[in-house]
Amino acid sequence: VESSIPEPQREAWKKYSATGFKSKDDFQKETVRHIETTLARSLFNCDEKAAYSGTALAFRDRLIIDWNKTQQRQTFADQKRIYYLSLEFLMGRALDNAMLNVGLKTAAKEGLGELGFRIEDVIQQEHDAALGNGGLGRLAACFLDSLASLNYAAWGYGLRYRYGIFKQEIENGYQVEIPDYWLDFNPWEFPRNDVTIDVQFYGWVNKYTDDEGKQITSWQDGEIVTAVAYDVPIPGYGTATVNNLRLWSSKASAGEFDFAKFNSGEYENAVADEQRAETISAVLYPNDNMDRGKELRLKQQYFWCAASLHDIIRRFKKSKRPWKDFPEQVAIQLNDTHPTLAIVELQRILVDLEGIEWNAAWEIVTKTFGYTNHTVLPEALEKWSVPLIQHLLPRHLQIIYDINLYFLQQVERRFPKDRDMLGRVSIIEESQPKTVRMAYLAIIGSHKVNGVAELHSDLIKTTIFKDFVKIYGPDKFTNVTNGITPRRWLHQANPRLSELIASKLGSYEFLKDLTLLNKLENFVDDKDFKKEWAEIKYANKVRLAQHILSATGISVNPKALFDVQVKRIHEYKRQQLNIFGVIHRYLAIKNMSAEERKKLAPRVSIFGGKAAPGYWMAKTIIHLVNKVGDVVNNDKDVGDLLKVVFIPDYNVSKAEIIIPASDISEHISTAGTEASGTSNMKFVLNGGLVIGTLDGANIEITREIGEQNVFLFGNLSEDVEDLRHNHFYGNHQIDPELNKVFDEIKKGTFGDEGAFSSLVSAILDHGDYYLVSDDFNSYCKTQDLIDETYKNQDEWVSKSITSVARMGFFTSDRCINEYADSIWNIEPLQVKEEAEVRSRT
Ligand code: GL7
């Protein structure tokens with residue numbers, strides 16, 4: 001490459017090559033240097049924010065050295081790479097993770113102490129990187145952590161949104177959305193102004209025969225927007241591997257910026273064009289499990305897919321291999337259907353630009369892609385209108401039609417008697433307007449399709465993708481149960497518990513091999529250990545109580561049972577069931593004698609989660625929780641027996657405080673609706689017990705930790721369809737206790753009943769689609785059982801320890817190894833520097 005330094009000058013170069021700090025003194029030197037020079041501050045003008053910035057810059061220098069080496073090593077090894085395409089990466093904060101993975105947190109802690117700062121306060125200055133909605137986005141972040149920790153050569157590709165998920169404030173009990181402008185200081189990204197890709201939109205398709213008689217198809221004119229790469233280093237734990245997350249930012253293409261307009265005085269128009277281009281990567285769509293079909297969202301999808309694919313191909317071409325080797329060098333995993341256009345784009349590049357014959361091209365495409373489905377909810381399955389695609393991506397629409405034609409021909413040959421089959425499996429839905437079913441396109445264009453928990457993977461095979469199992473056979477469909485990274489969700493979030501575990505197991509090796517936790521079972525009867533276990537939970541509850549007080553003004557007793565439901569607000573997740581249960585409990589307390597009240601275990605019901613701004617029902621649930629809280633928390637009869645709290649702005653860094661503090665957490669979706677859930681895993685790993693339905697990963701958690709350690713309730717997934725049917729065509733009986741709750745709401749106990757009528761009538765008048773009434777009795781009884789069990793603290797702690805000991809399966813490391821084996825066909829790239837001992841705390 002011309003840009004490399006010639007041999008004679010390399011000696012001088014190497015002599016001064018950056019090494020990064022390795023000791024406390026060097027850390028201080030680097031931090032002070034950054035504060036004084038990079039930030040132009042001084043010891044007379046250094047607040048915690050500046051201390052954070054200096055510390056982050058010092059660690060970033062360290063990381064980037066390993067990052068450079070990793071990239072060189074992976075290029076040199078010249079083997080297959082994994083590309084994880086996700087519209088969401090819900091990363092949270094990076095500094096603590098960087099410290100842990102670089103292995104110099106102790107040096108930083110002491111160093112900062114001497115400079116006058118507490119490391120915990122410094123870490124908390126960081127703004128969350130909140131480029132995601134919920135579980136799907138956080139899963140992508142856990143996967144990046146595991147990919148690097150396991151030394152896989154992997155890249156993440158996403159969008160660099162200027163605004164991440166909105167900040168939530170609560171005003172008079174209502175959610176208010178505040179824009180999350182997070183980029184004013186982001187030390188973790190490296191703008192690559194030299195890595196740009198021009199992406200085309202609109203225009204028309206020109207088909208002609210060239211001078212040599214060749215058929216040419218060319219996509220012409222339209223509008224060009226430039227993608228600029230921003231790289232984020234992803235350090236692995238206990239290894240020198242630092243992978244890359246490449247996020248694309250949109251800007252007007254240099255060629256497009258119209259200087260003629262300048263000259264003719266149309267300066268403002270030229271600037272407006274610029275701004276229009278920049279809107280593509282401006283904002284993350286705030287819908288979780290909901291497809292809205294907006295044109296700008298489709299633009300985002302194509303912009304990101306096109307830029308990522310061209311980048312991947314550019315890298316592949318450097319190896320000078322023939323195209324047929326592409327799938328041996330490249331594995332692309334589609335995180336849901338959002339990147340499905342990458343399939344079409346690769347086929348377009350191969351056929352139109354590289355001149356490869358259709359079938360040969362299609363074979364390369366299908367060998368390259370894998371598709372992960374994350375939901376069966378119909379409202380979340382993406383469908384794009386044909387006219388919209390026609391307008392924005394005319395050539396891609398033709399290719400989609402051709403893919404569909406060849407596919408349907410193949411189906412027709414195999415199932416000549418089943419005429420309905422063609423309509424059912426067609427990529428094109430014959431609706432008004434016609435739509436493109438993205439999930440079908442993703443299945444047809446991939447060699448493997450996976451669900452994210454056993455039940456979910458079975459459900460997709462027997463319901464939404466049933467016909468495709470007939471067509472392709474069952475082997476194309478597989479399960480990879482989700483996982484979470486124990487580095488962030490145990491060690492960082494709950495340092496004292498991690499330390500206690502390490503003291504019993506003899507090392508922190510369990511953070512690399514989570515199955516080692518099973519040795520904790522040897523200590524379930526160890527009195528001192530149990531005492532310490534319980535003390536840590538209590539300390540975590542004190543910490544959460546402090547947060548609740550400062551965020552809401554509500555004072556809660558940390559000795560009470562903390563019952564937590566934090567996740568996006570959605571009818572299928574059934575926060576309404578929870579709050580109706582709380583009202584039921586409140587009414588019960590009001591009816592109790594003083595004697596009875598004494599026997600009851602005090603409880604704090606904690607809610608948190610964002611509602612999509614346009615999701616009225618979800619916003620109503622938030623409103624009800626807050627109004628119930630206003631009444632219950634100020635009722636002298638109730639006192640500490642019940643408190644109801646809504647923690648505003650649930651996000652990754654709040655999760656790190658909330659999850660370690662729960663006694664019970666709620667995972668109570670209507671059976672068959674929550675594909676997996678991942679916070680269930682986080683709660684149990686932190687010694688909390690769960691109340692849950694037989695849904696998603698709850699089922700496998702139960703299998704691992706034992707039925708006696710889980711509070712299960714409710715109807716089963718296989719019965720849901722019949723129950724729903726009966727609500728409409730049978731005699732729909734509402735649970736009498738639930739009716740009492742509704743009566744109380746209607747009496748106006750929690751304010752204007754009209755405000756909550758939609759919630760009530762969804763159940764009374766509209767068929768109770770989510771089976772709230774069907775499950776209400778069993779839910780309340782199970783909550784009573786929880787009260788009883790909690791009274792025996794010794795037994796409770798045993799359950800907690802046993803559960804943690806059996807959670808090894810749910811590490812995202814296991815999950816990534818399964819993807820590598822069964823979908824990507826790739827081995828880790830061993831790192832020599834691994835021998836260099838890193839102190840891991
Ligand atoms: C989700 C599922 O709802 C959730 O159950 C799952 O754990 C997660 C990761 O696989 O994916 N699907 C989805 O569309 N969103 C999810 O969180 C937004």
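Visitor: Hi! Which domains is the chain divided into?
Guide: The chain splits into domain 1 (78–93 + 128–479) and domain 2 (494–810), with bounds that come from an automatic or database domain assignment. This is a predicted model, where local features need pLDDT of at least 70, side-chain atom pairs count only at pLDDT 80 or more, and totals for chains, interfaces and linings use all residues. Residues are numbered from 1 along each chain as its sequence is written, and side-chain values use heavy atoms, leaving out hydrogens and water.

Visitor: How many residues of each domain are in contact?
Guide: 39 residues of domain 1 are in contact with 41 residues of domain 2, where contact means heavy atoms within 4.5 Å. Taken over C-alpha atoms, the centres of domain 1 and domain 2 are 36 Å apart.

Visitor: OK, the ligand now. Which residues come nearest?
Guide: Asn289, His374, Asn482, Glu674 and Gly677 do, out of 13 residues around the ligand; near means that a heavy atom of the residue lies within 4 Å. Domain 1 and domain 2 each give at least three residues to this shell.

Visitor: What lies 2.6 Å from an oxygen atom of the ligand?
Guide: A polar side-chain atom of His374. That is a polar contact (a pair of N or O atoms within 3.5 Å). A backbone N or O atom of Leu136 lies 3.0 Å from a ligand oxygen atom, and one of Ala675 lies 3.4 Å from a ligand oxygen atom. The protein covers 95% of the 390 Å² of accessible area that the ligand has on its own, by the Shrake-Rupley method with a 1.4 Å probe.

Visitor: Switching topic: how many disulfides are there?
Guide: The count is 0, taking a disulfide as a pair of cysteine sulfur atoms within 2.5 Å. For Cys142, the nearest cysteine sulfur is that of Cys815, 9.4 Å away.

Visitor: Is Cys142 buried or exposed?
Guide: Cys142 is buried, at 2% relative accessible area, whereas Cys46 is partly exposed at 25%. Buried means under 20%, exposed over 50%, and partly exposed in between (1.4 Å probe, protein chains only).

Key:
A polar contact is a pair of N or O atoms within 3.5 Å; within protein, one must be able to donate a hydrogen and the other to accept it, and residues adjacent in sequence count only if both atoms are side-chain atoms.
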